[in-house]
Amino acid sequence: MSDAAAPKVPPTRDESDDAFLGGRLQILQPATGYRAGIDGVLLAATVEREAGLQVLDLGSGVGVVGLCVAHRLPDARITMVERDGQLAVLARRNVERNGLAARVRVVEADILRPLGEVPELAAAAESFDQVLANPPFHVEGRGIAASDPVKAGANAMPAGALDRWVRFMATTARPGGRITLIHRAEALAEVLSALAGRFGGTVAVPLHPREGEPALRVLVRAVKGSRAPLELRPGLILHNADGGFRPRIAAALRDGAALSLRSRSTGTGEGA
């Protein structure tokens, strides 16, 4: 069950108060700059129900992914990690105002540092059942950086940092634990390279804006220590021709329905 939600203090003029999961969650965000969208909600929808579930949400921003998981799975406990102090403050406020402080905590830390240098997480090595990440999509120095420093940090990271994100996921996931991330479709090769030698049983699902259009995003699930082969699934199409969301996607975005990425070769996503 949720804690009693904190009173809904109105957002400041630099913040917006946005509804997620059909209004079931109210999320404060910066009014300009970094803004959470549907990527995080779809990522959260991939988390599978299990007893005593411990979830780690890396690069949590204002907390959309972790809070969506907490709302959908009332027995799950979530740790959210965010390096930007402004976003971490908003994440803590969002935890409180949505009545989820009993099961959700926010850690302000940089996951590009070794786990042993993050005191709040050092004791959590190899302990999480599922680790989630919506990492920055761009590489610093390539293209035009956002003028807002928070948005720039959320959108870009140093060259080679994706491998370090995956390494951090490997050090925090339990043996046989699952990791899931969402990234640009064109980054799939880089994602698979980062997973190699650490994870297997990988399932990749492209996300297409509309039927017949190239995928812009890809959801990738993998199992720590697995040797099962890669499964490249048929893509999910987000929108109908009229622009509305397809029923399966709408159910995930508005009702918190699950999007299963279970491995078809093993039936569980935990191939040996």
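Author: Let us begin with a single residue in this predicted model. Leu-21 is buried, its relative accessible area being 3%.

Reader: Why is Leu-21 called buried?

Author: The term applies to a relative accessible area under 20%. Leu-21 has 3%, and is therefore buried. Leu-21 is found in the loop between β1 (15–20) and β2 (25–30).

Reader: What makes the phi of Leu-21 worth a remark?

Author: Most residues other than glycine have a negative phi. Leu-21 is not a glycine, yet its phi is positive, at about 50°. Glu-126, in the loop between α4 (119–122) and β6 (128–133), also has a positive phi, near 50°, and is a residue other than glycine.

Reader: Is Glu-126 buried, exposed or partly exposed, and how do you know?

Author: The relative accessible area of Glu-126 is 44%. Buried means under 20% and exposed means over 50%, with partly exposed in between. Glu-126 is therefore partly exposed.

Reader: What makes Ala-196 exposed?

Author: Ala-196 has a relative accessible area of 51%, and the cut-off for exposed is over 50%. Ala-196 therefore counts as exposed. Ala-196 belongs to the loop between α7 and β10 (199–208).

Reader: Which residues make the contact of α6 with α7, and how do they divide by class?

Author: Leu-162, Asp-163 and Val-166 of α6 meet Glu-190, Val-191, Ala-194 and Leu-195 of α7. Five of these residues are nonpolar, none is polar and two are charged.

Reader: What makes α1 and α8 roughly perpendicular?

Author: The axes of α1 (residues 38–45) and α8 (residues 247–255) cross at roughly 95° and come within 9 Å. Angles from 65 to 115 degrees count as roughly perpendicular, and the two helices are therefore described in that way. The contact involves Ile-38, Val-41, Leu-42 and Ala-45 of α1, together with Ile-249, Ala-252 and Leu-253 of α8. By class, seven residues of this contact are nonpolar, with no polar and no charged residues.

Reader: What follows α1, and how do you know that Glu-48 is buried there?

Author: Glu-48 lies in the loop between α1 and β3. Its relative accessible area is 9%, whereas the cut-off for buried is under 20%; Glu-48 is therefore buried. Glu-48 and Leu-259 are 211 residues apart in sequence, but their C-alpha atoms are 8.8 Å apart in space.

Reader: Why is α2 said to be largely enclosed?

Author: Of the nine residues of α2 (residues 64–72), eight are buried, so the helix is largely enclosed by the rest of the structure. Among the buried residues are Val-64, Leu-67, Cys-68 and Arg-72.

Reader: What makes β4 and β11 largely enclosed?

Author: In β4 (residues 77–82), five of the six residues are buried, so this strand is largely enclosed by the rest of the structure. In β11 (residues 217–224), seven of the eight residues are buried, and the conclusion for β11 is therefore that it is largely enclosed as well.

Reader: How do you know that these strands pair with others?

Author: Pairing requires at least two bridges between two strands. Five bridges join β3 (residues 54–58) to β4, and these strands run parallel; Asp-57 stands opposite Met-80 in β4. Strand β9 (residues 173–184) pairs with β11 over seven bridges in the antiparallel sense, and His-183 has Val-218 of β11 as its bridge partner. Seven bridges also join β10 to β11, again antiparallel, with Phe-199 partnered by Lys-224 of β11.

Reader: How many helices and strands does the protein have, and what share of its residues is buried?

Author: The protein has eight helices and 13 strands. Buried residues account for 51% of its 272 residues.

Methods:
Residues are numbered from 1 along each chain as its sequence is written. This is a predicted model: local features need pLDDT of at least 70, side-chain atom pairs count only at pLDDT 80 or more; totals for chains, interfaces and linings use all residues. Side-chain values use heavy atoms; hydrogens and water are left out. Contact means heavy atoms within 4.5 Å. Helices (H or I, at least four residues) and strands (E, at least two) are DSSP runs, numbered from the N terminus. Ala, Val, Leu, Ile, Met, Phe, Trp, Tyr, Cys and Pro count as nonpolar, Asp, Glu, Lys and Arg as charged, and the others, Gly among them, as polar. Buried means under 20% relative accessible area, exposed over 50%, partly exposed in between (1.4 Å probe, protein chains only). Axes are lines fitted to C-alpha atoms, for helices over the stretch in contact, and angles run from 0 to 180 degrees between N-to-C directions. Angles under 35 degrees count as roughly parallel, over 145 as roughly antiparallel, 65 to 115 as roughly perpendicular and the rest as oblique.
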